Amino acid sequence: MVGKLSRIMVSAFLVFCLCLRHLVDGTDAVMSVSVMKGESVSLNTDVTEVQNYHLIQWMFGEIQIAEINNLIKINSIYDTDDDKTLKHRLKLDPQTGSLTITHTRTTDSGLYQLRLTSGEIRSKSFRVTVSGE
């Protein structure tokens, strides 16, 4: 009984390691992007065929700001509660899933995360810095 339990534990550990490796391998390094206040900045997905993904999601910090859901054929840009951040200044490219922020403000600085879901999950992160005049 102990031998069988040990084999199960080793198998579970190996599955855990493989899943962890997959998560780490699916994540690109954080890209730094700088822009001057008032200019536009595009965060590119490097995707050529959006329809190859079931779901493309954009996050700003912990807040979801945009998505393309190919399962139900909807593209959405979400308003934030705070008028100081991003409201009415986001554009989502339906062909590539890339996100453009127009009329940037210093409050737009921060971490933007992209999650691409198909058979697997890939992610990409952008550290945006908006500099004043």
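Two strands count as paired here when DSSP finds at least two bridges between them. With that in mind, here are the close-ups of this predicted model.

**View 1. Strands S6 and S7 pair in the antiparallel sense.** Three bridges link S6 and S7, and along this pairing Lys91 stands opposite Thr100 in S7. As a reminder, strands of a sheet pair through backbone hydrogen bonds, either parallel or antiparallel.

**View 2. Strands S2, S7 and S6 make an open sheet of three strands.** The order is S2-S7-S6, and the pairing is antiparallel. S2 and S6 are the edge strands, each pairing on one side only. On average, neighbouring strands of this sheet are turned by 20 degrees against each other, with direction ignored.

**View 3. Ser98 sits in the loop between S6 and S7.** Is Ser98 buried or exposed? Its relative accessible area is 8%, and the limit for buried is under 20%, so Ser98 counts as buried.

**View 4. Gln51 belongs to the loop between S2 and S3.** Gln51 has a relative accessible area of 56%; exposed means over 50%, so Gln51 is exposed. Which residue lies 46 places from Gln51 in sequence, yet 9.8 Å away in space, C-alpha to C-alpha? That residue is Gly97.

**View 5. Strand S4 is largely enclosed by the rest of the structure.** The reason is that five of the seven residues of S4 are buried. Two residues lie between the strands in the hairpin of S3 and S4, where Gly61 takes a positive phi near 65 degrees. S4 also runs antiparallel to S5 (residues 74-77), joined by four bridges, and here Glu67 has Ser76 in S5 as its bridge partner. The hairpin of S4 and S5 has four residues between the strands, and Lys73 in that turn has a positive phi of about 55 degrees.

**View 6. The largest nonpolar core has 24 residues.** Leu43, Ile56, Trp58, Ile65 and Tyr112 have the most contacts inside this core. Strands that each supply at least two of the core residues include S1 (27-36), S3 (55-60), S8 (110-117) and S9 (121-131). Follow Tyr112 and you will meet Leu43, Met59, Phe60, Ile65, Leu86, Ile101, Lys124, Ser125, Phe126 and Val128, all touched by Tyr112 when residues up to four places away in sequence are not counted.

**View 7. Helix H1 has the lowest mean pLDDT among the elements of the protein.** Which element has the highest mean pLDDT? S2 does, at 97, whereas H1 (residues 2-25) has 50. Residues 17-27 have pLDDT below 50, and beyond near neighbours in sequence this stretch has six contacts in the model. Where pLDDT is low, the predicted coordinates should not be read in detail. For the protein, the mean pLDDT is 80, and 74% of the residues reach 70 or more.

Notes: Residues numbered from 1 in each chain as written. Predicted model: local features only at pLDDT ≥ 70, side-chain atom pairs only at ≥ 80, totals over all residues. Heavy atoms only, no water. Core = buried A, V, L, I, M, F, W, Y, C linked by side-chain atoms within 4.5 Å. Buried < 20%, exposed > 50% of the residue type's maximum accessible area, 1.4 Å probe, protein only. Contact = heavy atoms within 4.5 Å. Axes fitted to C-alpha atoms, helices over the stretch in contact; angles between N-to-C directions. pLDDT = per-residue confidence, 0-100.
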